[in-house]
Amino acid sequence: MWKNKLFETAKDCVLIEKAPLSDYTTFRVGGPAEILAKPQTEEALCSLLDWVKSEAVPFLLIGNGSNLLVRDGGFDGLVIHIGNALGDVRMEGNCLIAQAGALLSKVATVAADNSLAGMAFAHGIPGSLGGAVYMNAGAYGGEMSQIIEWVRVWTPDGVKKWNVDEMGFGYRHSRLMEENAVVLAACLKLQVGEREAIRSQMKELMQQRKSKQPLEYPSAGSFFKRPQGHFAGALIENAGLKGFTIGGAQISEKHAGFLINHNHATAADVLNVMRAVQEKVFEETGVQMENEVRIVGKDQ
Ligand SMILES: Cc1cc2nc3c(=O)[nH]c(=O)nc-3n(C[C@H](O)[C@H](O)[C@H](O)COP(=O)(O)OP(=O)(O)OC[C@H]3O[C@@H](n4cnc5c(N)ncnc54)[C@H](O)[C@@H]3O)c2cc1C
């Protein structure tokens with residue numbers, strides 16, 4: 001049984017049985033992980049991934065859980081949480097190197113402290129570096145693909161360094177989505193700037209977020225991708241769906257692109273709102289709305 005073997009094998013990993021994944025996602029919904037592992041070092045993460053590969057254990061990676069909807073039945077298998085223990089950010093020569101578990105807010109703050117410009121767009125995105133590379137996260141005209149020099153990845157064939165042009169970046173897309181590769185760390189290429197100007201840009205963009213986005217409710221940010229030639233929020237609002245609610249899940253009154261956990265929602269509530277929105281928008285405009293949020297796990 002893989003679970004018993006895991007407890008015997010895993011080194012430098014905190015292991016938690018039946019960990020509620022609602023505690024590990026910003027949506028605050030979802031059932032438990034059969035086992036949740038928190039590797040404490042990069043070596044521990046790589047050994048765990050090697051073991052998972054050799055034993056063919058079903059696994060799911062979680063960074064800051066800010067782009068994930070876990071279904072109510074949870075995840076049958078091993079959830080690997082890449083968090084704070086792998087959150088080192090440091091300067092090496094002219095390169096800013098961040099580990100996968102570093103939050104973008106921390107990476108952007110270290111960049112600003114070192115008078116490095118180009119990362120302010122990412123300061124308010126509540127993800128980890130690893131999750132942001134996986135998603136090619138972006139905002140306010142910037143995206144991860146513009147600031148990555150190389151990424152260190154675990155692959156089933158060993159640890160590799162992929163340059164930015166090998167990452168297959170596109171709109172909310174990277175080659176990590178097609179391959180079993182895991183971000184360990186990345187080197188960011190930023191330009192020398194003026195510290196106070198960078199800090200005030202970060203502050204201004206955060207203000208914009210606070211005024212436009214329903215940050216007071218749990219969510220996973222914009223639920224849908226931007227359909228070509230449209231804005232998801234505008235399509236949903238024009239379909240009369242602002243405030244549309246099923247159970248505890250709701251299309252935000254403040255920003256129709258956000259599907260929020262308004263009041264103790266279940267994942268089933270969220271998925272029902274998602275489907276209703278997709279149907280109504282398609283009926284009215286012919287546009288097929290695709291999720292930006294990754295949906296994982298099993299129904300209850
Ligand atoms: C309030 C709010 C605002 C947001 N605003 C934005 C925004 O402006 N722009 C934007 O792009 N996104 C935004 N998001 C979505 C989200 O923050 C980003 O997609 C973020 O990059 C996800 O990072 P994460 O660490 O939370 O990833 P997770 O949600 O933990 O995981 C997302 C995916 O990445 C994979 N993954 C995680 N870590 C790794 C790793 N180390 N290696 C390989 N795969 C990995 C996971 O398996 C999963 O498939 C917002 C979310 C919220 C809640």
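## Exercises on a predicted model

The shell around the ligand is made up of 17 nonpolar residues, 14 polar residues and one charged residue. Here Ala, Val, Leu, Ile, Met, Phe, Trp, Tyr, Cys and Pro count as nonpolar, Asp, Glu, Lys and Arg as charged, and the others, Gly among them, as polar. The model is predicted: local features need pLDDT of at least 70 and side-chain atom pairs count only at pLDDT 80 or more, while totals for chains, interfaces and linings use all residues. Residues are numbered from 1 along each chain as its sequence is written.

**Exercise 1.** State how many residues surround the ligand and which element gives the most to the shell.

Solution. Step 1: the shell holds 32 residues, and the closest are Gly 63, Gly 127, Gly 130, Gly 131 and Gly 221; a residue is near a molecule if its C-beta atom, placed from the backbone, lies within 6 Å of it. Step 2: two or more residues each come from strand E3 (59-62), helix H4 (129-135), strand E9 (138-139), strand E13 (182-188) and strand E15 (219-222). Helices (H or I, at least four residues) and strands (E, at least two) are DSSP runs, numbered from the N terminus. Step 3: H4 gives the most, five residues.

**Exercise 2.** Describe the five-stranded open sheet and the helix that packs on it.

Solution. Step 1: the strand order is E6-E7-E13-E11-E12, with antiparallel pairing; two strands pair if DSSP finds at least two bridges between them. Step 2: strand E6 (89-92) and strand E12 (158-163) are the edges, each with a single partner strand, so one side of each has no neighbour in the sheet. Step 3: neighbouring strands are turned by 20° against each other on average, direction ignored. Axes are lines fitted to C-alpha atoms, for helices over the stretch in contact, and angles run from 0 to 180 degrees between N-to-C directions. Step 4: helix H2 (residues 42-55) packs on this sheet and touches E7, strand E11 (148-155), E12 and E13, with its direction at about 140° to that of E13. Contact means that the C-beta atoms of two residues, placed from the backbone, lie within 7 Å.

**Exercise 3.** Work out how E6 is joined to E7.

Solution. Step 1: four bridges join E6 to strand E7 (residues 95-99), and the two run antiparallel. Step 2: Val 89 stands opposite Ala 98, and Arg 90 stands opposite Ile 97. Step 3: the two strands form a hairpin with two residues between them, and Gly 93 in the turn has a positive phi of about 65°.

**Exercise 4.** Describe the four-stranded open sheet.

Solution. Step 1: its order is E1-E2-E5-E3, with mixed pairing. Step 2: strand E1 (13-20) and E3 are the edges; each has a single partner strand, so one side of each lacks a neighbour in the sheet. Step 3: the twist averages 25° from one strand to the next. Step 4: E3 and strand E5 (residues 75-81) pair in the parallel sense over four bridges, with Phe 59 opposite Leu 78. Step 5: H2 packs on this sheet, touching E1, strand E2 (32-39), E3 and E5.

**Exercise 5.** Is Gly 247 buried, exposed or partly exposed, and which residues does Gly 247 touch?

Solution. Step 1: Gly 247 lies in the loop between strand E16 (245-246) and strand E17 (249-251). Step 3: not counting residues up to four places away in sequence, Gly 247 touches Ala 265, Thr 266 and Asp 269.
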